[in-house]
Each structure stands twice: as C-alpha cells, then as structure tokens.
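Below is a set of questions on how terms are assigned in one model, each answered by setting a value against its cut-off.

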Amino acid sequence: MSGALIVTAAIGKRDLAWLDAERQEHFPPERNVLTAHLTMFHALPPSCEDEAARFLSELARDHMAPRAEIPEVMSLGRGVAYRVRSEEFQRLRGMIADRFEGLLSAQDAGGWRPHVTIQNKVKPGTAKVLLAKKRDTFEPRDLDIVGLTLNRYLGGPWEEIGTWRFRGKARVS
C-alpha cells in the first residue's frame, strides 16, 4: 500500500554497518533498495501519521533503550535473517499495537517474529546454502537499538518521516 507508515527500530551505527554489509553481500541487488532494518509495523494507515509521530516521540522520551540480542540465524524459506530477541522490545511493540488497535493490518495484528533480513526472494536452495554457512560461523551477539523510526512506503523505497532516540530513564515494563 503506497503511503502506508512503517515503524522500525533505529539500530546503532556499528550494528547497522554490520547488518547492512550482510544485506549488501547476500540480498539480490535488484531488490535491495533499503538498508538493513528491524520492522515493528508494516502498514499503519497514512491518516495516523501525526499521532504515530507523537506517540513514538513520547515512548523514546520516556524509556531507556531496550536490551536486545541476536541469538540465532533463521530461515525465511526463500531467504535468511537474524532473529532478534528482547522482552523489553516486545513490550514496547505491544504498547504501540495497543495504541493503534483497530488500525493494524492483518500482518501487524498477527504474531511478530522480530528479525533483520539479509537475504530474501531467492531460490529455496540458495537460501539453504547461506543458512547453513551462517549457522556454522554464527555467534550470538547483543543488538544496539537506539530509537524508533517512522517511514512512509513509496512503492519500494521508504521516506523517513522521523527518528526518535531513546533518552528516558525508565525500562520498558
């Protein structure tokens, strides 16, 4: 849906550089129009842009950055991703979902499997080869989530509306 709003985690520079290099290496070049990202919501209606920006700003102002980790590599069937685990980030997403209940797409209202995709839309055999290679060398690591970003979908690329860095003193509870 062109114009839909996409909410993502803002990833720290060092982790983003690593994840984006992985994506550049393994994502089909003709489809790789975005930097690495951790999507929280895929399609909020454009009509809630002002409210979404205000709410994301409030959450970032009031809360500390959530602790997060990348515990494993996961299969997407026709691609490969790094799974992201964070109870705090799950709760933060739940707060956003509660705020926009009734406006969420079926995809966003369903279960959430937080991950950063490094390969997608390839033949299943190609994905299996990369998955095996990554699993052989992967070591779990922390992930630095520094804020929340609101984007507009433009039929492929995204337009960033705003990024709000966590600066509060409260843990997400």
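Q: What makes E1 and E2 count as paired strands?
A: In this predicted model, four bridges join E1 to E2. Pairing takes at least two bridges, so E1 and E2 pair, and they run antiparallel. Within this pair, Ala 9 stands opposite Leu 38 in E2.

Q: How do you know that E1 also pairs with E6?
A: Seven bridges join E1 to E6, and at least two are needed. The two strands therefore pair, and their direction is antiparallel. Val 7 stands opposite Leu 150 in E6.

Q: Why is E1 called largely enclosed?
A: Seven of the seven residues of E1 are buried, so the strand is largely enclosed by the rest of the structure.

Q: Why is His 37 called buried?
A: Its relative accessibility is 17%. Buried means under 20%, so His 37 counts as buried. His 37 lies in the loop between helix H1 (13–26) and E2. Leaving aside neighbours within four places in sequence, His 37 is in contact with Thr 8, Ile 11, Arg 23, His 115, Val 116 and Trp 158.

Q: What makes the pair of Thr 35 and His 37 a polar contact?
A: The backbone oxygen of Thr 35 lies 2.7 Å from a polar atom of the His 37 side chain. The cut-off for such a pair is 3.5 Å, so the distance falls within it.

Q: Why is Lys 121 called partly exposed, and what stands out in its backbone?
A: Lys 121 has 47% relative accessibility. Lys 121 is found in the loop between strand E5 (115–119) and helix H5 (124–137).

Q: How do you know that the span of H2 is close to the expected one?
A: Helix H2 (residues 49–62) has 14 residues and reaches 20 Å from its first C-alpha to its last. At 1.5 Å a residue, 20 Å is expected, and the span of H2 is close to that.

Q: Which residues of H2 are buried, and what do they pack against?
A: Ala 52, Ala 53, Phe 55, Leu 56, Leu 59 and Ala 60 are buried. The buried residues of H2 pack against strands E1, E2, E6 and E7 and helix H3.

Q: Which residues have the most contacts inside the largest nonpolar core?
A: They are Leu 38, Phe 89 and Leu 143, in a core of 41 residues. H2 gives the most to this core, with six residues. Not counting residues up to four places away in sequence, Leu 143 touches, among others, Ile 11, Leu 19, Leu 38 and Val 84.

Methods
Residues numbered from 1 in each chain as written. Predicted model: local features only at pLDDT ≥ 70, side-chain atom pairs only at ≥ 80, totals over all residues. Heavy atoms only, no water. Expected span 1.5 Å × (residues − 1). Buried < 20%, exposed > 50% of the residue type's maximum accessible area, 1.4 Å probe, protein only. Contact = heavy atoms within 4.5 Å. Polar contact = N/O pair within 3.5 Å; in protein donor to acceptor, adjacent residues only side chain to side chain. Core = buried A, V, L, I, M, F, W, Y, C linked by side-chain atoms within 4.5 Å.
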